[in-house]
Amino acid sequence: MKTTLIISLIIIGSFATLFLYGRAKMKSIPSVANHNSILELTDKNFQFQTKDKLVLVDFWASWCAPCRMMAPVLNEVAGELTEDSYVGKVDVEANQVLAQKYQVRSIPTMILFKNGKEVSRFVGVKSKEFLLQQIKSIKKSS
């Protein structure tokens, strides 16, 4: 009985240590500056900036570790896009109206807009290849 209790406490302690270590690593992810072609979207300029083009919009927040993980990926995507295709970012803390309008319930959420209309939505961390493939497939369907 004592042995089982000791083993259980060791296992629980190990999981707690791993959890705290992982959490500390997530918080230490540095912020990355946006690529120069990324559109900074707000409640005021959103409709104009998404009109007549294909825009992958990232709904994010500065306190969100997975959002910080996506920043370098989105910078790479932005660097590879051409022909009326863009990456845009919406800070959900500063632009709550947009987050509510598009029913963003968790972040990061990326919504692909074509001519100002939502055509696809992705929640969570995604790879550069996945995002480029989604953009390419929407372009092909035009």
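Reader: How many salt bridges does the structure hold?
Author: Three, with a salt bridge taken as a side-chain nitrogen of Lys or Arg within 4 Å of a carboxyl oxygen of Asp or Glu. Since the model is predicted, local features need pLDDT of at least 70 and side-chain atom pairs count only at pLDDT 80 or more, while totals for chains, interfaces and linings use all residues. Residues are numbered from 1 along each chain as its sequence is written, and side-chain values use heavy atoms, leaving out hydrogens and water.

Reader: OK, what's the N to O distance for Lys-128 and Glu-76?
Author: The closest N and O atoms of that salt bridge are 3.6 Å apart. Lys-128 lies in helix H5 (residues 128-140) and Glu-76 in helix H3 (residues 65-80), so the pair ties together parts 52 residues apart in sequence. Helices here are DSSP runs of H or I, at least four residues, numbered from the N terminus.

Reader: And Lys-128 with Glu-80, how far apart are the closest atoms there?
Author: 2.8 Å, N to O. Glu-80 is in helix H3 and Lys-128 in helix H5, so this pair links parts 48 residues apart in sequence.

Reader: Is Lys-128 buried or exposed?
Author: Lys-128 is buried, at 19% relative accessible area. Buried means under 20%, exposed over 50% and partly exposed in between, with a 1.4 Å probe and protein chains only. Glu-76 is partly exposed at 43%, and so is Glu-80 at 45%.

Reader: Switching topic: which residue does Glu-118 meet in a salt bridge?
Author: Arg-121, at 3.0 Å from N to O. Glu-118 is partly exposed at 37%, as is Arg-121 at 32%.

Reader: Which residues do shared partners join into one network?
Author: Glu-76, Glu-80 and Lys-128.

Conventions: Helix = DSSP H or I, 4+ residues; strand = E, 2+ residues; numbered from the N terminus.
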